[in-house]
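Here is a short report on surface and packing features of one model. Please read it alongside the coordinates.

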Amino acid sequence: LGDVYKRQLLVLPSHQRRGIGSRLLRLARAHTPTLLYFGAQPEAESFYEKNGCRRSLAAFVLQPEAGGT
């Protein structure tokens with residue numbers, strides 16, 4: 001994966017629970033010499049924990065105001 005910033009890496013719902021995501025994480029870990037950070041959706045947190053990731057930074061989202069600029 002080198003020094004490339006990957007914004008999103010997703011497994012389509014129709015292909016989940018087949019080990020694809022776990023294999024992708026193993027590949028990322030094996031080929032990335034730096035820290036890997038994942039901003040997981042709450043429903044995916046257990047997947048990351050099961051695959052050896054530990055909880056770290058909290059993330060926050062600020063939505064634009066409706067009708068505002």
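L9, L24 and L27 make up a nonpolar surface patch with about 270 Å² of accessible area together. A patch takes residues with over 30% relative accessible area and no salt bridge; like charges are joined within 9 Å, nonpolar side chains (Val, Leu, Ile, Met, Phe, Trp, Tyr) within 5 Å. Areas follow the Shrake-Rupley method with a 1.4 Å probe, and for residues only the protein chains shown count as cover. A salt bridge puts a side-chain nitrogen of Lys or Arg within 4 Å of a carboxyl oxygen of Asp or Glu.

This is a predicted model: local features need pLDDT of at least 70, side-chain atom pairs count only at pLDDT 80 or more, and totals for chains, interfaces and linings use all residues. Residues are numbered from 1 along each chain as its sequence is written, and side-chain values use heavy atoms, without hydrogens and water.

L27 sits in helix α1 (residues 20–31). Helices are DSSP runs (H or I, at least four residues), numbered from the N terminus. S22 is also placed in helix α1. Beyond its neighbours within four places in sequence, S22 contacts F47 and N51 (heavy atoms within 4.5 Å).

Burial classes are as follows: buried is under 20% relative accessible area, exposed over 50%, partly exposed in between (1.4 Å probe, protein chains only).

| Residue | Relative accessibility | Class |
|---|---|---|
| L27 | 48% | partly exposed |
| S22 | 12% | buried |
| F47 | 25% | partly exposed |
| Y48 | 18% | buried |

The count of aromatic pairs is 1. F47 and Y48 form an edge-to-face pair, 5.1 Å centre to centre, with 75 degrees between the planes. Rings of Phe, Tyr and Trp (its six-membered ring) pair if their centres lie within 6.5 Å; planes under 30 degrees apart are stacked, over 60 edge-to-face, the rest tilted.

Terms used: Helices (H or I, at least four residues) and strands (E, at least two) are DSSP runs, numbered from the N terminus.
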